[in-house]
Amino acid sequence: MPPSSAALLRWYDRHRRTLPWRAMPGRTADPYHVWLSEIMLQQTTVAAVIPYYHRFLDLFPTVGDLARAESDTVMAAWAGLGYYARARNLHACSKAVAATGGFPRDVAGLLALPGVGTYTAAAIAAIAFGQPVVPVDGNVERVTSRLFALTDPLPGSRKAIARHAATLNESAEAQARPSDFAQALFDLGAGICTPRQPACALCPWRDPCAGLRQGIAASLPAKAPRVARPVRHGAHFLLTDAGGHILLRRRPEKGLLGGMLELPGTEWRATPWSETEVLPFAPARAGWRKAGRVSHVFTHFTLHVDVYAAHVAHFPNAVAQAGGMAVAHADLDTLALPSLMRKCVDAAWPEAVA
């Protein structure tokens with residue numbers, strides 16, 4: 001029995017989530033709101049995104065406002081959400097959209113924008129422009145793999161899952177309501193077909209679900225064994241002056257945390273750094289004291305940072321000549337300071353001002 005689009009849409013009409021970027025029933029979604037939320041939601045939870053989403057709309061009410069903003073202002077508003085390449089692409093995309101007078105309405109046009117991949121293009125096209133496509137995120141992958149009992153493990157099974165997902169909206173009901181249908185799939189995965197202990201008894205698609213019939217729904221989608229995450233090591237230096245300023249510098253534009261501010265420090269490598277090795281990387285001669293260790297998990301590796309602290313009456317002129325900048329501790333929240341560096345500051349600050 002094929003899954004009933006009408007049954008899913010009836011369920012959605014009763015149980016749809018209220019989200020700040022979601023249009024009310026009968027209203028057309030704002031493509032700027034949809035795009036902004038979808039970029040923020042990559043690798044991040046809804047609960048974590050909501051305050052950032054509201055902050056962005058307060059600062060940048062339209063895509064044109066975002067396009068005209070300074071890069072540092074955008075990065076500072078993003079700081080804490082992680083995966084900072086998203087913020088750089090977000091800003092670049094806003095400029096491209098503003099330059100052409102609006103978002104493209106089709107998947108192909110959306111795919112040409114900076115930072116917009118296959119899923120995001122389909123989500124914007126379906127939700128904001130009513131294009132009859134199925135965006136396949138983690139929720140839809142889970143629903144589809146269970147519905148069709150697709151047992152091959154991720155990530156290798158993604159293409160097969162996407163092919164099956166593309167068949168879900170073939171009915172007249174789904175074609176007539178592409179925006180609602182896409183969001184109904186998201187809500188089904190988020191609220192009923194959850195990763196653990198799915199509420200199959202409440203599911204509008206329980207009857208056609210092959211995974212439920214075979215008793216394997218909760219185990220799907222299968223995942224390939226995880227590869228151990230590599231570990232890297234680094235050291236960073238918190239230098240303060242008599243005015244309560246902290247010395248920061250800017251990372252290179254390309255690469256991890258590109259263009260963000262950081263405490264001066266070493267490169268990150270596979271082996272630990274000894275104190276003798278790290279002190280030549282210190283930004284100034286001072287009475288450096290080890291102030292603690294910070295651990296931070298990136299997508300592809302775990303980083304352990306030894307943090308050193310020192311205090312001087314004033315920063316040497318050579319520091320400014322090398323690209324350093326003095327920032328008041330009270331102003332850190334207004335800057336593009338990644339959460340890793342905020343952890344380092346918090347760990348070393350008591351030692352630096354003691």
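Trainee: How many salt bridges are counted between domain 1 and domain 2?

Mentor: In this predicted model, the count between the two domains is one salt bridge.

Trainee: What makes the meeting of the R250 and D72 side chains a salt bridge?

Mentor: The N to O distance between R250 and D72 is 3.0 Å. The definition asks for a side-chain nitrogen of Lys or Arg within 4 Å of a carboxyl oxygen of Asp or Glu; the pair R250 and D72 therefore qualifies.

Trainee: Where do the bounds of the two domains lie?

Mentor: Domain 1 covers 5-219 and domain 2 covers 231-353. Their centres, taken over C-alpha atoms, are separated by 37 Å.

Trainee: How do you know that the domains are in contact?

Mentor: Contact requires heavy atoms within 4.5 Å, and seven residues of domain 1 are in contact with 13 residues of domain 2. The two domains bury about 770 Å² between them, 52% of it on carbon and sulfur atoms. In domain 1, A76, Y84 and R88 lose the most area to domain 2, together 54% of what that side buries.

Trainee: What does a search of the whole structure find in the way of cavities?

Mentor: The search finds one cavity of 30 Å³ or more. The largest cavity has a volume of about 130 Å³. Of the 15 residues that line this cavity, R146, C193, C203, W205 and C209 are the closest to its centre.

Trainee: Why does C193, a lining residue of the largest cavity, count as nonpolar?

Mentor: C193 lines the largest cavity, and it counts as nonpolar because Cys is placed in that class. The lining divides into 13 nonpolar, no polar and two charged residues.

Definitions and conventions: Residues are numbered from 1 along each chain as its sequence is written. This is a predicted model: local features need pLDDT of at least 70, side-chain atom pairs count only at pLDDT 80 or more; totals for chains, interfaces and linings use all residues. Side-chain values use heavy atoms; hydrogens and water are left out. On a 1 Å grid over the protein atoms alone, a cavity is a set of points where a 1.4 Å probe fits but cannot get out, and a pocket is an open set with protein on both sides within 12 Å along at least five of seven lines; lining residues have an atom within 4 Å of a point. Grid points are joined across faces, edges and corners, and a volume is the space filled by probe spheres set on the points. Domain bounds come from an automatic or database domain assignment. Buried area is the accessible area (1.4 Å probe) that two parts lose on being put together, summed over both.
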